[in-house]
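Visitor: I would like to learn how to read a protein structure, feature by feature. Where do we begin?

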Amino acid sequence: MQTEQTGLKRHLKVRHIRLMALGSTIGVGLFLGSASAIQIAGPSILLGYLLAGIVGFIVLRTLGEMAVHEPVAGSFAAYANNYVGPLAGYLVGWGYWTYWIVVGIAEVTAVGIYMGIWFPETPQWIWALSSILMMGLINLIAVKVFGEFEFWFALIKVVAIIAMIALGGSVILFGFTNNWQPIGLSNLWQHGGFFPNGVSGMLLSLQMVLFAYVGIEMIGFSTGEAENPKKTIPMAIDSLAWRILIFYMGAILVILAIFPWNEVGQQGSPFVVMFERIGLREAAGLINFVVITAALSSCNAGIFSGGRLLYSLSNNGYAPASFAKLSKQGVPHRAVMATVAVCMSGVVLNYFVPDKAFQYVMAAVTFVGLMVWIAILIIQMKFRRSLTKAQVAELGYRAPWWPYSSWFALAFISLVVVLMGFHEDARMALILGPCLLGVYLAMFYVAGLHRKTKNRFDLIGDQHDYWRSTRSKK
């Protein structure tokens, strides 16, 4: 089945969509970035993951409300254009495309770091280049092939995390591999307390914690190619929220219970070191493979999202017209290839500054990701206000506790942005992010896009035409 007007094919099933969004979230933010966050906050990082998880759920439900009502491939970039204006659609679209470019660079950098454990003599940039080319090829074949690869990539790391939580739980509760002497949970408070660096330490870690959840919003880009989006999107969102909380908080809880928090991250990924600590070195090697798979999964999802964004921007005249071309398999192949080509800058970064590459891209991506979440919340507020009471009552899937939940999420994210200014490594993001938006804003006016009369993205997929006519009748 293919969507009307565009040729995009609805071949993504609910199992694909669930694992796609889960896979795009469980990546370097958990496997590699969690160590830095733990060093800043100590055991109180658990509270940070809980708060950030709640905010992530609110953002996901607000996006889901719009996605079920209007299942379009452009997702919130299209909604920004529809409900806020052309400039908003342009900035959100290009900003989020940049976000996935930087995520792709971060993920292939992580691949290089972890492949270096097995092949220390091989330059890091070679693994980065190989990863980008492989993921690009997968995205060019067909959306169904992409969905299958992403499903199995994500499933590998999900199974691994569940196994790690189960094994770690057996060590904590029953003393497995510890002469059957249960370790318990005392490490959560014995080394300086639950807040060893004070409440300020937990607050300063929030930008890293929130970054770990950023990526779940890519579920919106599956709506244009999802089978029966009215059914699949709510199912995927509702199951995704609690699964992510369990995976993140469960995994971090196990690590903090087995290790004193101040030892985490001193010898690489805490996931790998945990298995070595409990005497399962072979399992530690397997986890290294899982971490690499996790990074490849996120890179794969990033190329998918980036390609669809360029495709939607092109349809609206905000990107070169050639990016709207589709292959015989219904893939926006030129948009995908352009995304892959720009991701190649990560290879250059890994070649010249391999030791600092991950730190640089993490700083750059955080600000853009948080701005996207703020944009989703604001767009959904505009969306709700554009509807009559009767139309709101007809919504098949609603954001809970609206508008209080949205205001809470906006306040939380704004606090995190302010706190980034107090963190030396994150301060760079507050410089790079606004500069990037400034460049895109200048391009918008230099290219004369502000004079465009076409003020809406083409809606892709199962159309909900009634919302336009009813708005005009209000």
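Guide: We begin with a term. Helices (H or I, at least four residues) and strands (E, at least two) are DSSP runs, numbered from the N terminus. This is a predicted model, in which local features need pLDDT of at least 70 and side-chain atom pairs count only at pLDDT 80 or more, while totals for chains, interfaces and linings use all residues. Residues are numbered from 1 along each chain as its sequence is written, and side-chain values use heavy atoms, with hydrogens and water left out.

Visitor: How do I read a pocket, and which helices each supply at least two residues of the lining of the second largest pocket?

Guide: The search uses a 1 Å grid over the protein atoms alone; a pocket is an open set of points where a 1.4 Å probe fits, with protein on both sides within 12 Å along at least five of seven lines, and lining residues have an atom within 4 Å of a point. Here helix H6 (86-118), helix H16 (357-385) and helix H19 (424-446) each give at least two residues to the lining of the second largest pocket. H16 provides the largest share, nine residues. The lining has 19 residues in total, and those nearest the centre are Leu91, Val92, Met371, Val372 and Ala375.

Visitor: How much space lies in the second largest pocket?

Guide: A volume is the space filled by probe spheres set on the grid points, which are joined across faces, edges and corners. For the second largest pocket this comes to about 290 Å³.

Visitor: What does "buried" mean, and how many residues of helix H10 are buried?

Guide: Buried means under 20% relative accessible area, exposed over 50%, and partly exposed in between (1.4 Å probe, protein chains only). Helix H10 (residues 206-213) is mostly covered, with eight of its eight residues buried. They are Leu206, Gln207, Met208, Val209, Leu210, Phe211, Ala212 and Tyr213. Just after H10, glycine 215 has a positive phi of about 130 degrees.

Visitor: Which residue other than glycine has a positive phi?

Guide: One case is tryptophan 401, with phi near 55 degrees. Tryptophan 401 sits in the loop between H17 and H18, and counts as exposed because its relative accessibility is 61%. Proline 403 is also in the loop between helix H17 (389-394) and helix H18 (404-420). The peptide bond joining tryptophan 402 and proline 403 is cis, with omega about 5 degrees.

Visitor: Now charges. How many salt bridges does a search of the whole structure find?

Guide: Side chains of opposite charge can pair when their charged atoms come close. The rule for a salt bridge is a side-chain nitrogen of Lys or Arg within 4 Å of a carboxyl oxygen of Asp or Glu. The search finds one. Arginine 384 pairs with glutamate 65, and their closest N and O atoms are 2.9 Å apart. Arginine 384 lies in helix H16 and glutamate 65 in helix H4, so the pair ties together parts 319 residues apart in sequence. Both arginine 384 and glutamate 65 are buried.

Visitor: How many disulfides does the structure hold?

Guide: A disulfide is a pair of cysteine sulfur atoms within 2.5 Å. The structure holds zero of them. For cysteine 299, the nearest cysteine sulfur is that of cysteine 343, 6.0 Å away. Cysteine 299 is buried, at 2% relative accessible area, and cysteine 343 is buried too, at 3%.

Visitor: What makes up the nonpolar surface patch?

Guide: Patches are made of residues with over 30% relative accessible area and no salt bridge; like charges are joined within 9 Å, and nonpolar side chains (Val, Leu, Ile, Met, Phe, Trp, Tyr) within 5 Å. Accessible areas come from the Shrake-Rupley method with a 1.4 Å probe, and for residues only the protein chains shown count as cover. Leu47, Leu50, Ile54, Phe194, Phe195, Val199 and Phe408 make a nonpolar patch of about 530 Å². Helix H4 (residues 45-69) gives the most, three residues.

Visitor: Where is glycine 433 found, and is it buried or exposed?

Guide: Glycine 433 is in helix H19, and counts as buried because its relative accessibility is 2%. The C-alpha atoms of glycine 433 and phenylalanine 367 are 5.7 Å apart, although 66 residues separate the two along the chain.
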